[in-house]
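Here are my notebook entries from a browse through this structure.

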Amino acid sequence: MITLISDVDGTLLGDPAALNELNEYITEHRDSFHLIYATGRDVTEMNRGIFTEGLIMPDAAILSTGSEIYTVESGAFLPDVQWESIISASWDKNKVEEAAKKVEGLMTQGKSEKLKVSYFIDPSAAEQIRCRFRKLFKEQGIKAKIIISHEKYLDIIPENCDKGKAAEFLIKKLAMSYDSSVVAGDSENDTDLFESFYHGIVVGNARHGLRLSTQNRDFYMAGTDYAAGVLEGLKYYMQRLK
Ligand code: GLC
Ligand code: MG
C-alpha cells in the first residue's frame with residue numbers, strides 16, 4: 001500500500017488532462033493507494049479544488065502549509081484538534097502580525113487562518129524580507145517559521161510545524177506505512193516534505209529552489225510536468241516498492 005502525499009498547485013494542478021489520467025490511475029488502483037494532499041490552501045480553497053478543479057477526494061489533507069490537518073469522514077473534512085494543540089502551544093498570531101507591521105513590502109493575502117499568516121511579496125525583495133523577519137522574531141522571542149515560495153508567497157506558521165512534520169504526524173496517526181510513503185511537489189514550500197521522507201517525486205516543472213534542496217538524493221525526477229510527472233513517478237514507485 002503506497003501513501004501518496006502530494007502538493008496541489010503546480011503539482012497536481014496545471015494540466016487538467018494529465019490530472020484526469022492520474023485520477024483514473026489512482027481510482028483504478030484505489031486498493032493499493034492512500035491519498036493525502038499537502039498544500040498551502042485553506043479548507044475553503046481545498047473544497048474548491050475538489051468541487052471545481054478536478055481533484056478527487058483524498059483520505060486526508062494537510063492544509064495551510066502544514067498548520068492544519070484534516071481527515072475525511074463521510075465525504076467531509078474534519079479538523080485534527082490534536083495537531084492543532086501540539087503546534088499552537090508556542091504560537092502567538094498577534095505578535096507575528098505586530099512584527100509584520102515593521103516590515104516593508106508586504107501585501108496581506110486577506111485570509112484568516114488560525115495558525116498561519118500569509119502575505120504576497122515583491123520577488124526582488126524576498127530575501128531582504130526574510131532577513132528582516134528573522135531579526136524581528138529573534139529580538140522579540142517570537143517562535144515561528146518563515147516559508148517563501150514562488151518568490152511571491154510568504155507564509156508564517158508555528159515553529160514546530162511544516163508540511164513534512166504534519167505528514168509524519170498524520171501517517172503515524174492513521175497507521176500508514178512510513179516506508180511506503182511517496183511525496184510529490186513542485187516548489188520551495190514542499191522542501192520540508194522531501195526532508196521528512198525518502199521517497200519522492202519532483203515534477204518536471206519544479207522550481208529551482210526545490211531542485212536545489214532535493215539534488216543528490218534518491219528522489220524520482222520526473223521528465224513530464226504537473227500530474228503527468230506525478231503519474232510517471234507513481235508508476236516507478238509501484239514497481240520499486242512492490
Ligand atoms: C496557497 C495559499 C496561500 C499560500 C501559498 C503558498 O496559494 O492559498 O495562502 O501563501 O499557497 O503556500
Ligand atoms: Mg505547489
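I counted a residue as near the ligand if one of its heavy atoms lies within 4 Å of it. I was working with a predicted model throughout.

**Entry: ligand 1.** Which residues surround ligand 1? I found G40, E45, T65, Q109, K111, K116, S118, S149, Y153, D155 and N189. I then looked up polar side-chain atoms beside oxygen atoms of the ligand. One of Q109 lies 2.5 Å from such an oxygen, one of K111 lies 2.8 Å from an oxygen, and one of E45 lies 3.2 Å from an oxygen. Taken alone, ligand 1 exposes 310 Å², and the protein buries 88% of that.

**Entry: K145.** I placed K145 in strand β8, which covers residues 144–149. Is K145 buried or exposed? I noted it as buried, because its relative accessibility is 18% and the cut-off is under 20%. Its side chain makes a polar contact of 2.7 Å with the side chain of D162, and the K145 side chain also reaches the backbone oxygen of C161 at 3.4 Å. Leaving out residues up to four places away in sequence, I listed the contacts of K145 as D155, I156, I157, P158, E159, C161, D162 and K165.

**Entry: helix α9.** I checked the span of α9, residues 226–240: its 15 residues reach 21 Å from first C-alpha to last, close to the 21 Å expected at 1.5 Å a residue. I wrote down its buried residues as A227, G229, V230, L231, G233, L234, Y237 and M238. What covers these buried residues? My list includes the strands β1, β2, β10, β11 and β12, along with helix α1.

Terms used
Residues numbered from 1 in each chain as written. Chains lettered and ligands numbered in written order. Predicted model: local features only at pLDDT ≥ 70, side-chain atom pairs only at ≥ 80, totals over all residues. Heavy atoms only, no water. Helix = DSSP H or I, 4+ residues; strand = E, 2+ residues; numbered from the N terminus. Buried < 20%, exposed > 50% of the residue type's maximum accessible area, 1.4 Å probe, protein only. Polar contact = N/O pair within 3.5 Å; in protein donor to acceptor, adjacent residues only side chain to side chain. Contact = heavy atoms within 4.5 Å. Expected span 1.5 Å × (residues − 1). Areas by Shrake-Rupley, 256 points an atom, 1.4 Å probe, with all protein chains shown as cover.
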